[in-house]
Amino acid sequence: MRKNLTLFVVMAVTAACLTLATAQDKGGAPLPGAPKGRGPGRGAKKGPAGPLPRLSDGKPDLTGVWNGFGGSGNDAPNMQPWAAKIVADHRAAGGAEDFEARCLPGGPPRAAPYHTSFFATPKLVLMLFEGNTHMYRQFFVDGSSHPKDLKPTFYGDSRAHWNGDTLVVDTVSFFEKSWYDFAGTPHTKDMHLTEEFHRIDYGNMEMKVTIEDPGALNGPWVINRTTTLEPDFEMTEYVCNENNQDPDHLHAATNSKESVVGTQAKRLVNGVPPVQPKKAPAPPAGPTPRNSDTGTVDLSGVWVPTSTVLPSDPSYTPAFKKIYDERKANKGKDDPEKFCLPDGAVRVNPLPYKIVQRSNMIALLWEGNTHSYRRFFLNNRKPPLDIEPDSWTGLSDGKWDGDTLVVETVGFNDKSWLDSTGKPHSDAMHLVERYKRPDLGHLNVELTIEDAKAFTKPYSFTRSFTLAPGWELQEYVCQAILDGVY
Amino acid sequence: MEWMNPHARFYVDVMGTDGKVVNWNFELGAIPVLLKQGWRKDSLKQGDQVSVEGTLAKDGSKSANARSVVLPDGRRVFAGSSGGNGPANQ
């Protein structure tokens with residue numbers, strides 16, 4: 001019933017608010033049945049030449065920005081009848097129930113058409129996604145096994161080991177409802193995923209995916225994929241739920257009561273409630289750890305903020321004082337965090353944070369809010385402001401000043417709140433953070449914010465974190481709570 | 001222009017043959033995909049005249065998934081949207 005139309009009409013662009021979308025729109029996903037091959041986000045067919053980079057322990061270094069993984073497209077799963085019926089139903093509905101169209105994680109091994117950044121250290125490899133959800137996976141390469149009593153999650157629990165130059169990632173404990181591919185092939189909680197990442201040279205990587213699920217498949221489903229390095233392009237901050245007009249328009253395309261669409265009635269119209277943090281353990285005593293090779297301070301660890309409210313108010317211009325007063329009078333009803341939008345670079349959530357450190361880049365991950373990340377580039381790169389002039393968390397460059405990591409961040413939008421009381425800022429915000437680890441158990445960050453549009457003078461304060469030994473970040477998918485999907 | 005994810009959108013006043021102006025909602029692709037095709041946040045400005053080829057919404061509303069856009073400078077660019085696989089109807 002799809003109509004096609006060619007419009008050749010003189011038009012004048014204007015800003016209005018229509019809220020209609022096509023049922024075909026799927027949050028960036030190709031449609032089921034779309035032509036196979038390398039789509040617009042897939043990058044070059046052949047990556048740049050050069051030798052395979054290696055980590056200090058001699059293992060391949062997977063670090064880099066990679067294009068969306070392209071599938072071979074010719075390996076179909078051998079599904080059990082109940083699973084095949086679900087896939088047929090999804091196809092008949094045009095994929096309207098797809099999680100990705102609702103900004104919920106697709107779940108591995110689904111390959112989005114966007115970039116993925118690998119961030120590798122000898123004991124931990126991070127997979128940082130540009131989209132559909134701007135989240136991360138952690139592959140522990142430390143000899144550990146899957147913990148017992150795992151809670152099912154969208155991304156599962158991943159433990160990895162090296163087989164020669166191939167990183168073998170073993171993942172279990174998946175949330176049953178998620179869509180791990182575009183067809184919506186169902187899976188059970190016993191699904192077992194093995195991903196084998198093999199960086200062949202500087203610019204090319206192969207990936208072999210094996211899905212075993214005796215409750216849904218008649219045998220292992222093996223998929224071979226390739227990707228290429230994107231040396232000249234940086235990942236953007238993809239905030240899927242910022243302007244997603246699809247969910248309200250996909251109802252008509254499905255009648256399934258068990259679908260995500262069916263759960264839209266459970267949506268929390270007032271937003272997600274504040275998280276209840278666990279009590280942080282007492283920070284351990286000991287000297288400041290240092291990188292054994294370079295001697296620089298090692299900021300790595302899982303950190304818990306000691307306070308989430310800022311100690312004072314910025315000195316606001318009258319216009320921004322008015323914005324702040326309005327937000328306070330509104331008692332947080334329009335708090336972006338309640339609707340799963342990013343906290344930005346200044347605001348902290350009570351759930352833990354994690355720092356992972358390389359010599360040329362530092363990753364700051366957070367458990368709560370958007371379950372996302374910031375990256376601090378230490379390699380004197382020029383911030384690509386032409387591609388991302390206004391993001392929630394900005395573009396961050398870092399450098400060491402003795403034992404202090406100085407991070408300078410620009411490229412903000414004006415949408416995030418500086419804390420839960422609604423302190424505003426403008427898109428002219430310029431943030432400088434000075435990270436200091438005076439001993440093993442403490443991290444102090446001195447923040448100085450200049451904002452010529454919003455503040456009459458720079459605003460400075462210090463935030464403290466304590467180390468939480470033995471803690472690990474848990475998966476937190478705000479959108480799934482907001483939509484009542486669990 | 002709404003330069004936001006999951007897909008950018010732009011809104012256009014279209015004057016029909018009857019002289020009436022109707023506002024249309026055109027959906028583009030995701031920002032990362034658009035960026036790689038050369039789109040930028042300021043590629044379309046208020047007051048620009050553009051031509052759009054796209055796929056209509058099923059519900060008959062004044063919205064469409066853009067397939068290609070002819071920019072004010074005459075460049076014809078792929079819109080990066082999922083509607084890009086629709087059959088051409090020139």
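Select Cys103(A) to begin. This residue is buried, with 29 other C-beta atoms within 10 Å. The cut-off for that label is 20 or more such atoms, so Cys103(A) qualifies. Bear in mind that this is a predicted model. Now check the backbone: Cys103(A) has a positive phi of about 65°, although it is not a glycine. Its place in the chain is the loop between H1 and S5 of chain A.

Stay in that loop. Move along to Pro109(A), which is also found between helix H1 (81–92) and strand S5 (116–120).

Next stop: Asn132(A). Look between strand S6 (124–129) and strand S7 (136–140) of chain A; Asn132(A) lies in the loop there. Display the bond from Gly131(A) to Asn132(A). This peptide bond is cis, and its omega is near 5°.

Go on to Ser173(A). Where does Ser173(A) lie? Find the loop between strand S9 (166–172) and strand S10 (192–199) of chain A. Phi of Ser173(A) is near 70°, a positive value in a residue other than glycine. Is Ser173(A) buried or exposed? It is buried, with 20 other C-beta atoms within 10 Å.

Now for the barrel. Select the strands from S13 to S21 and colour them in order. How many strands form the closed barrel? There are nine, running S13-S14-S15-S16-S17-S18-S19-S20-S21 in chain A, and the pairing is mixed. Neighbouring strands of this sheet are turned by 30° against each other on average, direction ignored. As a rule, strands of a sheet pair through backbone hydrogen bonds, either parallel or antiparallel.

Zoom in on one pair. Strand S18 (residues 404–410) and strand S19 (residues 430–439) of chain A run antiparallel. Five bridges join them. Pick Leu405(A) and look across to S19(A): which residue is its bridge partner? The partner is Tyr435(A).

Among contacts in chain A with a separation of 6 or more, residues 24 or more positions apart account for 67%.

Terms used
Residues are numbered from 1 along each chain as its sequence is written. Chains are lettered from A and ligands numbered from 1 in the order in which they are written. This is a predicted model: local features need pLDDT of at least 70, side-chain atom pairs count only at pLDDT 80 or more; totals for chains, interfaces and linings use all residues. Two residues are in contact if their C-beta atoms, placed from the backbone, lie within 7 Å. Helices (H or I, at least four residues) and strands (E, at least two) are DSSP runs, numbered from the N terminus. A residue is buried if 20 or more other C-beta atoms lie within 10 Å of its own, exposed if 12 or fewer, and partly exposed in between; C-beta atoms are placed from the backbone. Two strands pair if DSSP finds at least two bridges between them. Axes are lines fitted to C-alpha atoms, for helices over the stretch in contact, and angles run from 0 to 180 degrees between N-to-C directions.
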